[in-house]
Amino acid sequence: MRIWFKMMKNNHLLRDTTITDESDETRTHKVFHALEEVCYEFDLSKPIWLEHNIEEFKRVDKTRFRSDNFIDGIEFDYLEIHVIEED
């Protein structure tokens, strides 16, 4: 599985990275591990999955974490997570 993370502000890409997970874990575990890894890499607190994030991610394999998803303040508009390749 490959997951692309993009940090955006004013429609400009600030940072991005792709996390690859070839383990035998479940899809959900792979997503959570990748999110944890990118939060460490970008020095962010882990976002909270709200109901609309869960539904959007199930529907289109992509969602955006905005300021209401983070406990700490953020200096960007959103962090997007997008599954670009499944196992």
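**A lysine and its surroundings**

Mentor: Setting aside neighbours within four places in sequence, Lys-30 is in contact with Met-1, Ile-3, Asp-21, Ser-23, Glu-25 and Asp-87. Keep in mind that this is a predicted model.

Trainee: Where does Lys-30 sit?

Mentor: Lys-30 is in helix 1.

Trainee: And is Lys-30 buried or exposed?

Mentor: Buried. Its relative accessible area is 4%, and the cut-off for buried is under 20%.

Trainee: How many bridges pair strand 1 and strand 4?

Mentor: Seven, in the antiparallel sense. In that region, Phe-5 stands opposite Ile-81 in strand 4.

Trainee: And how many for strand 3 and strand 4?

Mentor: Four bridges, again antiparallel. Lys-62 has His-82 in strand 4 as its bridge partner.

Trainee: Which way do the side chains of strand 3 point?

Mentor: They alternate. Thr-63 and Phe-65 point to one face and are buried.

Trainee: Now the core. Which residues touch the most other members of the largest nonpolar core?

Mentor: Ile-3, Phe-5, Leu-35, Leu-44, Leu-79 and Ile-81, out of 19 residues in that core. Strand 1, helix 1 and strand 4 are the elements that give two or more residues to this core. Helix 1 supplies the largest share, six residues.

Trainee: Why would nonpolar side chains be buried together?

Mentor: As a general rule, nonpolar side chains tend to be buried together in soluble globular proteins.

Trainee: Pick one of those. What does Leu-35 touch?

Mentor: Phe-5, Pro-47, Trp-49, Phe-65 and Leu-79. That leaves out residues up to four places away in sequence.

Trainee: Switching to charges. How many salt bridges does the structure hold?

Mentor: Seven. One of them joins the side chains of Glu-85 and Arg-2, at 3.7 Å from N to O. That pair links distant parts of the chain: Glu-85 is in strand 4, Arg-2 is in strand 1, and they are 83 residues apart.

Trainee: What does Arg-27 meet in a salt bridge?

Mentor: Glu-86, at 2.8 Å from N to O. Arg-27 is in helix 1 and Glu-86 is in the segment after strand 4, so to speak of sequence, 59 residues apart. Arg-27 is partly exposed at 33% relative accessible area. Glu-86 is partly exposed as well, at 38%.

Trainee: And what about Glu-36? Which residue does its side chain meet?

Mentor: Lys-46, in a salt bridge of 3.7 Å, N to O. Glu-36 lies in helix 1 and Lys-46 in the loop between helix 1 and helix 2, so the pair ties together parts ten residues apart in sequence. Glu-36 is partly exposed, at 43% relative accessibility.

Trainee: Which residues are linked in a network?

Mentor: Lys-6, Arg-64 and Glu-80, through salt bridges.

Trainee: Last topic, backbone. What is phi of Asn-11?

Mentor: Near 60°, a positive value in a residue other than glycine. Asn-11 is in the loop between strand 1 and strand 2. It is exposed, at 71% relative accessibility.

Trainee: And where is Asp-43, and what is its phi?

Mentor: Asp-43 is in the loop between helix 1 and helix 2. Its phi is near 55°, also positive in a residue other than glycine. At 70% relative accessibility, Asp-43 counts as exposed.

Note on methods: Residues are numbered from 1 along each chain as its sequence is written. This is a predicted model: local features need pLDDT of at least 70, side-chain atom pairs count only at pLDDT 80 or more; totals for chains, interfaces and linings use all residues. Side-chain values use heavy atoms; hydrogens and water are left out. Buried means under 20% relative accessible area, exposed over 50%, partly exposed in between (1.4 Å probe, protein chains only). Two strands pair if DSSP finds at least two bridges between them. A salt bridge is a side-chain nitrogen of Lys or Arg within 4 Å of a carboxyl oxygen of Asp or Glu. A nonpolar core is a set of buried Ala, Val, Leu, Ile, Met, Phe, Trp, Tyr and Cys residues joined through side-chain atoms within 4.5 Å. Contact means heavy atoms within 4.5 Å.
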